[in-house]
Amino acid sequence: MSALALLETPTEVLARTKAPLKSRASLSGSFADNRHAPVHRWFRYSAGYSGTWASSVLLDMLPERVFDPFVGVGTTLISAEQSGIEAWGIDAHPFVSKVTRAKLAYRSDPRKFYSIAQDILSFALELAPNPCRYPKLIQDCYTEDSLGELDCLRTALSQIEDGSDATTLAWLALATILRPTSHAGTANSQYVLPKHKKVNVKRPFAAYDETVNMMRSDMITSSVAGPEAVFHVDDARLCKSVPSQHFDLVITSPPYPNNYDYADATRLEMTFFGEVERWRDLHATVRCHLLRSCTQQVPEREVDLNLVLSRPELTPIADDLSEVCMRLGEERLNHGGKKNYHNMIACYFLDLAMVWIELRRVCKSPSSACFVIGDSAPYGVYVPVPDWLGRLACAAGFKSFRFEKIRDRNIKWKNRKHRVPLCEGRLWVEG
């Protein structure tokens, strides 16, 4: 079977499966479904969800405008464009936002992109590499030969880059191959583990050429039925770039309160491109802009827990939240890391309360919102995330909420620090 025969639009996938919406619910909580989907697959991001599922919701509900306040790598926006629906989205992560902008350029001329990408490769083949200019992290993640090829591609791109869609896509092709060409433990969008080794490693020049050809094929075969999506780098707690009373549907997946460091997740790419040099640079460059969902964002010296818990935005869940934070504060003393989960959980829900207030402002009345979300149990202390988020949404002015479980979590692995059953699902908010 040819490569082009394997490419399907979201609409074609739905037509082929002919599955009812409820039976496709299991797809929503995983990015795995995007690995073979045109455009969605260009940059693998584990903290995402299925583009096919997003398209199914859009085609089922047919909103006038959809909004995603946590765009990530653009799943909702691309699905909306291909479903003929106007879409807006924002994200505060500087590197992930670059990926989204590049992916949204899939609508541009594939011939121009391919020509520029081949010029970059030809130029790179003629350059002398300078692998020594990279920080230790990058040195540890690549062989000298592989880093030399990557360096030549980066130098060639910098000489040709002009801000056009074509060079933006070429940048994405280079960013996409950084993990497959590393011999170190660099699973997609996970923390970098230089001491772990991979067996199957691609050579950069060949990987770049393969990725460029894949992207060109997707650009040729992808159907676009709707207007260009609107994307801004913005904070979901503020939504400064988003107009009021504009949307009748929200589809998104906010960070889970599970201590996943979204800044560290892109440290390999940001270090390679010179956006950060050390791990400590991540806070000022990335973490300070993001919704607080990991303990690295909430050190004791920066958080007044009593002040956070007294904020009026948290009134609907204040008693329950205070009890959980007190238990976490006590439990942390029994663990070597003494992680600030009590601060993280309080700040997380304050941030999400602010998001719901902004969503009420930017959404029409009535409207619907779907959050792909999971619960949490730091140090074994259970946090009923969907219920608390639903209560905060109603306090912000929405009318009702319901939760549909997709799958169970924390039941497979035997080395977890706790055995509290968890789940993931879709929180639907109406009103």
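# Aromatic pairs and buried packing

In this predicted model, a search of the whole structure finds 14 aromatic pairs.

Q: Why is the pair of Phe 67 and Phe 247 called stacked?
A: The ring centres of Phe 67 and Phe 247 lie 4.9 Å apart, and their planes meet at 20°; since rings pair when their centres lie within 6.5 Å, and planes under 30 degrees apart count as stacked, the pair is stacked. The pair links distant parts of the chain, with Phe 67 in strand 1 and Phe 247 in strand 6, 180 residues apart.

Q: What makes Phe 67 count as buried or exposed?
A: Buried means under 20% relative accessible area, and Phe 67 has a value of 0%, so Phe 67 is buried. For Phe 247 the relative accessibility is also 0%, and therefore Phe 247 counts as buried.

Q: What makes Tyr 341 and Tyr 379 an aromatic pair, and which geometry does the pair have?
A: Their rings are 4.8 Å apart centre to centre, with 85° between the planes; because the limit for a pair is 6.5 Å and planes over 60 degrees apart count as edge-to-face, the pair of Tyr 341 and Tyr 379 is edge-to-face. Tyr 341 belongs to helix 14, whereas Tyr 379 lies in the loop between strand 7 and helix 15, 38 residues apart. Both Tyr 341 and Tyr 379 are buried.

Q: How do you know that the charged end of Arg 216 sits over the ring of Tyr 114?
A: The distance criterion asks for CZ of Arg within 6 Å of the ring centre, together with a position within 35 degrees of the ring normal; the charged end of Arg 216 is 3.8 Å from the centre of the Tyr 114 ring and sits over that ring. The charged end of Arg 360 likewise sits over the ring of Phe 398, 4.3 Å from its centre.

Q: Why is helix 4 described as largely enclosed by the rest of the structure?
A: Seven of the ten residues of helix 4 (residues 94–103) are buried, so helix 4 is largely enclosed by the rest of the structure. The buried residues include Phe 95, Val 96 and Lys 103, and the buried residues of helix 4 pack against helix 3, strand 2, helix 8, strand 5 and helix 10.

Q: Which residues have the most contacts inside the largest nonpolar core?
A: That core has 131 residues, and those with the most contacts inside it are Phe 67, Tyr 208, Phe 349 and Trp 356. Its largest share, 14 residues, comes from helix 14 (residues 341–362).

Definitions and conventions. Residues are numbered from 1 along each chain as its sequence is written. This is a predicted model: local features need pLDDT of at least 70, side-chain atom pairs count only at pLDDT 80 or more; totals for chains, interfaces and linings use all residues. Side-chain values use heavy atoms; hydrogens and water are left out. A nonpolar core is a set of buried Ala, Val, Leu, Ile, Met, Phe, Trp, Tyr and Cys residues joined through side-chain atoms within 4.5 Å. Buried means under 20% relative accessible area, exposed over 50%, partly exposed in between (1.4 Å probe, protein chains only). Helices (H or I, at least four residues) and strands (E, at least two) are DSSP runs, numbered from the N terminus. Rings of Phe, Tyr and Trp (its six-membered ring) pair if their centres lie within 6.5 Å; planes under 30 degrees apart count as stacked, over 60 as edge-to-face and the rest as tilted. Contact means heavy atoms within 4.5 Å.
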